[in-house]
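This report describes selected local features of the structure shown below. It is meant to be read alongside the coordinates.

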Amino acid sequence: MRDLSTGVEHLSINTATLRKQLPLPAIVEACARRGIAAVDPWRDQVAAAGLAATARLLRDAGIRLSGYCRGGFFPAADAGGLAAALEDNRRAVDEAKALAAPCLVLVVGSLPGALAGRPAHKDIALARAQVEEGIAATLEYARGVGMPLAIEPLHPMQAADRACINTLAQALDICDRLDPGRSGALGVAVDIYHVWWDPELARQIARAGRERLLAYHVCDWLVPTRDLLNDRGMMGDGVVDLRKIRGWMEAAGFAGPVEVEIFSEAWWSRPAEEVLDACIARCKTVV
Ligand code: ZN
């Protein structure tokens, strides 16, 4: 297993972690000052800063991406909506390419309208079918430009509104069907917040293997959790055995950055510098 205690060269910051404190250029600069090697920005942050300007900023700062957040949300209530989702995913692939991302992360979506509190229907099987068709179509486009797609399974508490793919096994079944040759074009983003509880986790990480393990997101699961979306914990403050899971990832061949992704009203309310220093300290000691 890699030794993370001596430096920050294996650390990445998912920029949602600081989204309420700083705009993207300032996040990149703060990371660069600390020698952090990588970030994973969100599309809205990149749009606010400008795509070309962000690409230039990253190059000048010597910071690479550990992923690009995010594509997905494939299901829709009608043909027009399905087509619009595919078009938006092609744009996300192009942006990821412009930023030299190693993968585009997919949060696949579920019941159309559910995120806004108005689900168009109750047919999650239909949503899952539309997700697989959407990934297949996007994969064809992404292969053409050389951008790997990383399916991120989300915790089942988000099955209605954000993602109807909820386990690593489910995501890997889709990978096996759409990319049986394990080409590296399709894989998974393992986010411990979503999958730490899964009794199949060790087995599925081993099944994924190096070709399919495209990203690794860390935070912690707090007890109690006060908000399903925005109460993630800083590594070490919760109940996830982070070192054990990283051991499984690395034994399966994963050698990419460890990406800190913390959606948390508590951490968003602290100064950015303090949050970054905590991320670094915890990565060195508990991740
Ligand atoms: Zn994630």
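Predicted model: local features only at pLDDT ≥ 70, side-chain atom pairs only at ≥ 80, totals over all residues.

## Aromatic groups, metal site and a helix

Trp42, Phe263 and Trp268 together form one aromatic cluster.

Five aromatic pairs are counted in total. In the pair of Trp196 and Trp221, the ring centres lie 5.9 Å apart and the planes meet at 40 degrees, so the pair is classed as tilted. This pair links distant parts of the chain, its members being 25 residues apart. Trp196 belongs to the loop between helix H7 (192-195) and helix H8 (201-212), and Trp221 to the loop between S8 and helix H9 (242-251).

| Residue | Relative accessible area | Class |
|---|---|---|
| Trp196 | 28% | partly exposed |
| Trp221 | 15% | buried |
| His217 | 0% | buried |

Trp221 counts as buried because its 15% relative accessibility is under the 20% cut-off.

The metal site is considered next. The zinc ion is coordinated by Glu152 (OE), Asp191 (OD), His217 (ND1) and Glu261 (OE), at 2.0 to 2.4 Å. Along the chain, these donors follow the spacing E-x38-D-x25-H-x43-E.

His217 and Glu152 are both buried, and their side chains make a polar contact (3.3 Å). Beyond its neighbours within four places in sequence, His217 is in contact with several residues, including Asp40, Val105, Ala189 and Glu259. The zinc donors Asp191 and Glu261 are also among the contacts of His217.

Finally, helix H11 (residues 272-285) has 14 residues, which should span 20 Å at 1.5 Å a residue; the end C-alpha atoms are 20 Å apart, in agreement with that expectation. The buried residues of H11 are Ala272, Val275, Leu276, Ala278, Cys279, Ile280 and Cys283. Among the elements covering these buried residues are strand S1 (11-14), helix H1 (24-33), strand S9 (258-260) and helix H10 (265-268).

Note on methods
Residues numbered from 1 in each chain as written. Heavy atoms only, no water. Donors = N, O, S within 2.8 Å, 3.2 Å for Na, K, Ca; no water. Buried < 20%, exposed > 50% of the residue type's maximum accessible area, 1.4 Å probe, protein only. Polar contact = N/O pair within 3.5 Å; in protein donor to acceptor, adjacent residues only side chain to side chain. Contact = heavy atoms within 4.5 Å. Helix = DSSP H or I, 4+ residues; strand = E, 2+ residues; numbered from the N terminus. Expected span 1.5 Å × (residues − 1). Phe/Tyr/Trp six-rings, centres within 6.5 Å; stacked < 30°, edge-to-face > 60°.
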